Amino acid sequence: IDSDTSDEAVRATCDDATICKRFASSKSYWKDPYIQYFVRSVGERKAPEINRGYYARVQGVNHLLDAFLRKTHCDCQVINLGAGLDTTFWRLKDENLMPRKFFEVDFPTVVARKIHNIKTKPPLSKPLIETHSTDSLLLDAHSLDSDRYCIIGADLRDISNLDEKLKKFQLNPELPTLLLSECVLVYMTPSQSSNVVHWAAETFPTAMFVNYEQVNMSDRFGQVMIENLRRRQCNLAGVEACQSLDTQRERFLKTGWEQSDALDMMTVYSMLPQDDVARIERLEFLDERELLQQLLQHYSICWATKDKLKLGLSQLAF
Ligand code: SAM
């Protein structure tokens with residue numbers, strides 16, 4: 001597979017994520033009133049275990065993100081790496097949990113699509129305008145910069161370019177910073193993803209990194225998952241780093257992070273608020289509980305902290 005083809009396949013993964021999130025939210029697994037503006041139709045039915053998997057992913061990531069925002073009293077910034085068409089900025093605005101500034105990074109072509117949607121859909125653009133104080137809102141085809149929300153087109157494998165662009169848009173390294181990568185690092189080689197994680201540790205003295213991706217990929221079920229992705233020509237350069245929860249944690253501990261934890265998503269699922277889990281389990285009948293368990297055991301959330309300001313970030317957990 002040549003590298004342009006596989007990069008294009010990687011860019012297409014953001015549609016998969018958005019389509020699955022759109023479907024699950026249309027079934028009331030969680031509320032997302034904004035995702036409809038990024039994918040028009042609800043699309044074909046997804047299996048209940050897929051919907052539950054996305055539920056665990058979205059609730060799990062939101063849990064750590066919201067805990068960080070509360071701990072820092074929103075006096076912080078968030079950087080979503082490989083954000084795709086994610087709608088978290090709008091959720092945080094509605095929930096009064098907006099950080100000082102919310103940054104997103106993705107390939108320029110993905111960013112251009114996202115910006116086009118924002119420009120042409122008032123429910124998306126209104127919150128940006130409302131949270132912006134001057135009339136100098138920058139909005140061109142490849143970047144958007146307002147007071148509280150910024151989208152940057154950049155390749156995460158080119159760290160110096162990434163760093164330069166973020167600084168150009170008033171990134172403040174001294175501010176407590178949450179970095180998020182949701183199904184992103186797996187598309188890079190282990191050394192490229194280590195560079196990202198290392199850059200983050202070097203740049204931000206007070207920070208938390210939350211990474212969601214595949215884990216336990218060396219067993220048979222994992223091999224089938226890899227085969228399915230390869231068939232779609234995706235470059236899974238990073239699966240080596242997804243061997244185990246320990247390899248997930250080590251990536252952070254080896255690159256300057258003070259502490260790191262990782263859980264598989266079956267464990268996360270069992271630690272989410274159980275009244276809401278009971279609610280979503282009533283939404284659709286699932287006869288093969290074992291398949292759900294297998295699936296959730298092959299995804300993980302790993303998080304790491306550095307805490308120069310001694311805010312107590314190492315306490316953030318499930
Ligand atoms: N994080 C979003 C979510 O969970 O809904 C999107 C996930 S999607 C599976 C992976 C995203 O990472 C895509 O939007 C892709 O373009 C982006 N991505 C992968 N490698 C990248 C790179 N080297 N530079 C910038 N973005 C990248």
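Before clicking anything, one cut-off: buried means under 20% relative accessible area, exposed over 50%, and partly exposed in between, using a 1.4 Å probe and protein chains only. This is a predicted model, in which local features need pLDDT of at least 70 and side-chain atom pairs count only at pLDDT 80 or more, while totals for chains, interfaces and linings use all residues. Residues are numbered from 1 along each chain as its sequence is written, and side-chain values use heavy atoms, with hydrogens and water left out.

**Stop 1: two loop residues**

Select Ser28. It is partly exposed, at a relative accessible area of 39%, and sits in the loop between helix 1 and helix 2 (48-71). Helices here are DSSP runs of H or I with at least four residues, strands are runs of E with at least two, and both are numbered from the N terminus. Check the backbone: Ser28 has a positive phi of about 70° although it is not a glycine. Most residues other than glycine have a negative phi.

Now jump to Gln170, in the loop between helix 6 and strand 6. Its phi is positive too, about 60°, and again the residue is not a glycine. Gln170 counts as exposed because its relative accessibility is 53%.

**Stop 2: the ligand**

Next, select the ligand and its shell. A residue belongs here if one of its heavy atoms lies within 4 Å of the molecule. Of the 20 residues around the ligand, Lys21, Arg57, Gly82, Asp106 and Leu156 come nearest. Which helix gives the largest share of the shell? That's helix 1 (residues 3-26), with six residues.

Colour the shell by residue class and you get 10 nonpolar, three polar and seven charged. The classes run like this: Ala, Val, Leu, Ile, Met, Phe, Trp, Tyr, Cys and Pro are nonpolar, Asp, Glu, Lys and Arg are charged, and the others, Gly among them, are polar.

- A polar side-chain atom of Lys21 is 2.9 Å from a ligand oxygen.
- An N or O atom in the Asp155 side chain is 2.9 Å from a ligand nitrogen.
- An N or O atom in the Glu182 side chain is 3.0 Å from a ligand oxygen.

How much of the ligand does the protein bury? Taken alone the ligand exposes 600 Å², and the protein buries 97% of that. Those areas come from the Shrake-Rupley method with a 1.4 Å probe; for residues, only the protein chains shown count as cover.

**Stop 3: along helix 1**

Stay on Lys21, which is found in helix 1. It is buried, with a relative accessible area of 12%. Contact means heavy atoms within 4.5 Å; leaving aside neighbours within four places in sequence, Lys21 is in contact with Trp30, Ile35, Tyr54, Arg57, Val58, Asp86 and Glu182.

Also in helix 1 is Val10, which counts as buried at 12% relative accessibility.

**Stop 4**

Select helix 7 (residues 190-203). Its 14 residues reach 20 Å from first C-alpha to last, close to the 20 Å expected at 1.5 Å a residue; that expected span is 1.5 Å times one less than the number of residues. Buried residues in helix 7 include Val196, Val197 and Ala200. Strand 7 (206-214) is one of the elements that the buried residues of helix 7 pack against.

Where in that pairing is Phe209? In strand 7, and buried at 0% relative accessible area. Phe209 touches Val196, Val197 and Ala200, as well as Trp257 and others.

**Last stop: Thr120**

Finish on Thr120, in helix 4 (residues 108-120), partly exposed at 43%. A polar atom of its side chain lies 2.8 Å from the backbone oxygen of His116.

Note on methods:
Polar contact = N/O pair within 3.5 Å; in protein donor to acceptor, adjacent residues only side chain to side chain.
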